[in-house]
Amino acid sequence: MCGIFGIFNVEHAEKYAFYGIYALQHRGQESVGIAVSDYERLRVVKKPGLVLEALTAKDMEHLKGSIAIAHVRYSTSGDSTEINAQPLIRETSLGQVALVHNGNLVNYKTLRSSLQEKGFNFYHTSDSELFLALLDAGEYVPEHIKVHPEDAKIMPKVFYALHQVKGAYSLIYMFKDRLIVARDPYGFRPLLIGRSKNAILFASESCAFDILGAELWREVKPGEVIVVDKKGMRTYQLFRQEKKAMCIFEFVYFSKPEVFLFGDWAYRVRKAMGMALAKEDDVDADIVVPVPDSGVVPAIGYSQEKGIPLEFGIIRNHYIGRSFIEPTQELRNIKVLMKLNPNRAVLEGKRVIVIDDSLVRGTTSKKIVSMLRKAGAKEIHLRIASPPVIGPCYYGIDTPTKEELIASRLSIEDIRQFIGADSLRYLSLEGLKSCVKNPQDFCDACFSGVYPVEYEDKALRMR
Ligand code: SF4
């Protein structure tokens with residue numbers, strides 16, 4: 001769960017990168033970084049924290065160029081220390097190369113050990129560094145690819161690197177005079193192309209183009225590698241694989257509702273999830289109440305399908321800054337209540353259907369139910385607009401370990417009792433699949449337990 005951004009051929013690329021990555025802040029809050037090139041050399045700044053708070057005017061002064069990449073991180077592989085913040089930068093035989101990566105590699109350990117045996121040094125503990133190290137490990141051009149003369153030096157090394165790794169990646173390499181972007185053959189993570197005047201942009205979600213006044217051009221295709229330099233844009237379909245595995249959880253929770261990704265609008269899919277949930281449900285109530293923010297769009301769909309009015313019975317405080325890891329349960333409860341406040345005006349004496357996007361550990365839902373009861377709700381029916389999460393993700397989303405996932409341990413009735421709701425219902429897996437176009441092209445492993453790519457070692461997910 002990270003956000004990546006890249007821009008080629010614009011004056012003050014660093015400023016565009018700053019605003020572009022800010023638009024992707026929801027994809028990672030742990031660290032932010034920007035790297036720029038002025039065609040001579042690469043410069044990078046990385047800081048822990050949120051974009052607006054972490055990067056100072058002085059940091060930005062250090063960055064000047066017309067090519068830039070940026071990253072917001074929520075660690076999934078490697079520890080979460082500053083050393084793993086991206087962009088990563090490495091001196092290679094091709095010169096300085098910087099990298100931003102969203103995803104998770106499933107053969108990280110084997111690849112890293114075999115490169116170490118060959119004398120390669122690693123300076124970070126995240127899987128992303130492999131993409132840089134592998135540039136000096138070999139060359140490969142598949143038979144179906146004809147490399148453009150402009151790319152003769154670089155692309156065989158890039159193709160070799162991408163042929164070695166397995167798993168999920170949407171990435172951008174920055175060389176001093178070009179960007180190279182790639183998406184894994186399954187297309188796990190999104191990556192889109194935008195354009196504005198003479199500039200080409202890349203981003204995890206289309207909202208990064210909106211904020212910069214650029215237009216959405218198209219998605220990078222699964223298995224596609226694109227080079228952008230002063231001569232133009234060249235594209236290679238490196239992998240020609242039938243099977244796709246785009247992450248359905250991006251629609252359930254991660255992406256912002258207004259964005260386009262995986263060939264669809266997140267808002268349309270999320271609203272359809274609420275409608276499908278309503279069709280599967282037979283409970284009657286006075287009001288539908290979303291858990292803000294991610295429950296809002298499915299709640300609109302549910303409310304419209306059922307004809308039960310939508311009310312904002314839970315209000316979110318948008319001014320939560322950093323909070324501490326609290327030592328006691330009582331203090332942890334305060335933390336949830338800081339974020340969400342009950343709206344007694346609509347809750348008192350009402351039978352309430354509460355809609356949330358997903359239920360992972362169950363601890364937040366338990367606090368919400370108890371909060372709504374104290375605020376006077378007569379009945380509380382919790383509805384989840386996705387199926388039970390029964391397995392962890394090995395492809396770049398920071399879901400908890402299997403033991404921490406409540407649905408991997410307890411039956412739905414036991415979960416209901418733990419949470420304290422009057423009833424609990426999830427959207428079925430079939431219902432979820434019915435909301436996306438081409439459901440066979442999606443990964444739903446954390447709901448179904450069917451993993452599209454074998455993972456090497458469970459310890460890979462260090463968090
Ligand atoms: S396992 Fe779940 S979160 Fe991970 S890629 Fe698949 S659908 Fe997405």
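# Reading the sites in this model

Visitor: Which residues does Cys-2 touch, once those up to four places away in sequence are set aside?

Guide: Contact is a distance call: heavy atoms within 4.5 Å. For Cys-2, that gives Arg-27, His-71, Val-72, Arg-73, Tyr-74, His-101, Asn-102 and Ser-204. Before we go on, this is a predicted model, where local features need pLDDT of at least 70 and side-chain atom pairs count only at pLDDT 80 or more, while totals for chains, interfaces and linings use all residues. Residues are numbered from 1 along each chain as its sequence is written, and side-chain values use heavy atoms, with hydrogens and water left out.

Visitor: Where is Cys-2 found, and what does UniProt list it for?

Guide: Elements here are DSSP runs numbered from the N terminus: helices (H or I) have at least four residues, strands (E) at least two. Cys-2 is in the segment before strand S1 (3–8). An unreviewed UniProt entry lists Cys-2 as "active site"; UniProt positions use the numbering here, feature names are shortened, and annotations may be inferred rather than shown by experiment.

Visitor: Is Cys-2 buried or exposed?

Guide: The call comes from relative accessible area: under 20% is buried, over 50% exposed, and in between partly exposed (1.4 Å probe, protein chains only). Cys-2 has 5%, so it is buried. Lys-197 has 86% and is exposed; you'll find Lys-197 in the loop between strand S9 (192–196) and strand S10 (199–203). Asn-438, at 44%, counts as partly exposed, and its loop runs between helix H16 (429–433) and strand S23.

Visitor: What is the phi of Lys-197 and of Asn-438?

Guide: Phi of Lys-197 is near 50°, a positive value in a residue other than glycine. Asn-438 likewise isn't glycine, and its phi is positive, near 50°.

Visitor: Where does the ligand sit?

Guide: Picture a 1 Å grid over the protein atoms alone: a cavity is a set of points where a 1.4 Å probe fits but cannot get out, and lining residues have an atom within 4 Å of a point. A molecule sits in one if more than half of its atoms lie within 2 Å of its grid points. Here the ligand sits in the largest cavity.

Visitor: Which residues are around the ligand?

Guide: The cut-off is a heavy atom within 4 Å of the molecule. That picks out Arg-189, Cys-247, Ile-248, Phe-249, Cys-393, Tyr-395, Ile-397, Cys-443, Asp-444, Ala-445 and Cys-446. By class, the shell has nine nonpolar, no polar and two charged residues.

Visitor: Which cysteines does UniProt list for "binding site"?

Guide: The unreviewed entry gives Cys-247, Cys-393, Cys-443 and Cys-446. They span 200 residues in sequence, yet no two of their C-alpha atoms are more than 10.2 Å apart, so they gather at one spot. Cys-247, Cys-393, Cys-443 and Cys-446 also belong to the lining of the largest cavity.

Visitor: What surrounds Cys-247 and Cys-443?

Guide: Cys-247 sits in strand S14 (residues 246–247) and is buried at 7%. Beyond four places in sequence, its contacts are Phe-188, Arg-189, Phe-262, Ile-397, Phe-442 and Cys-443. Cys-443 lies in strand S23 (residues 442–443) and is buried at 9%. Its contacts, with the sequence neighbours again left aside, include Phe-188, Cys-247, Ile-248 and Tyr-395.

Visitor: Which other residues carry the "binding site" label?

Guide: The unreviewed UniProt entry lists Ser-294, Asp-356 and Asp-357. These span 64 residues in sequence, but no two of their C-alpha atoms are more than 6.9 Å apart, so they gather at one spot. Ser-294 touches Tyr-253, Asp-356 and Asp-357, not counting residues up to four places away in sequence. Ser-294 is buried at 18%, in the loop between strand S17 (287–290) and helix H10 (296–306).

Visitor: What joins Pro-292 and Asp-293?

Guide: A cis peptide bond, with omega about -5°. Asp-293 is in the loop between S17 and H10. Another cis peptide bond joins Gln-86 and Pro-87, with omega about 5°.

Technical notes
1 Å grid on protein atoms, 1.4 Å probe; cavity = no way out; pocket = protein on both sides within 12 Å on 5 of 7 lines; lining within 4 Å. Nonpolar A, V, L, I, M, F, W, Y, C, P; charged D, E, K, R; others polar.
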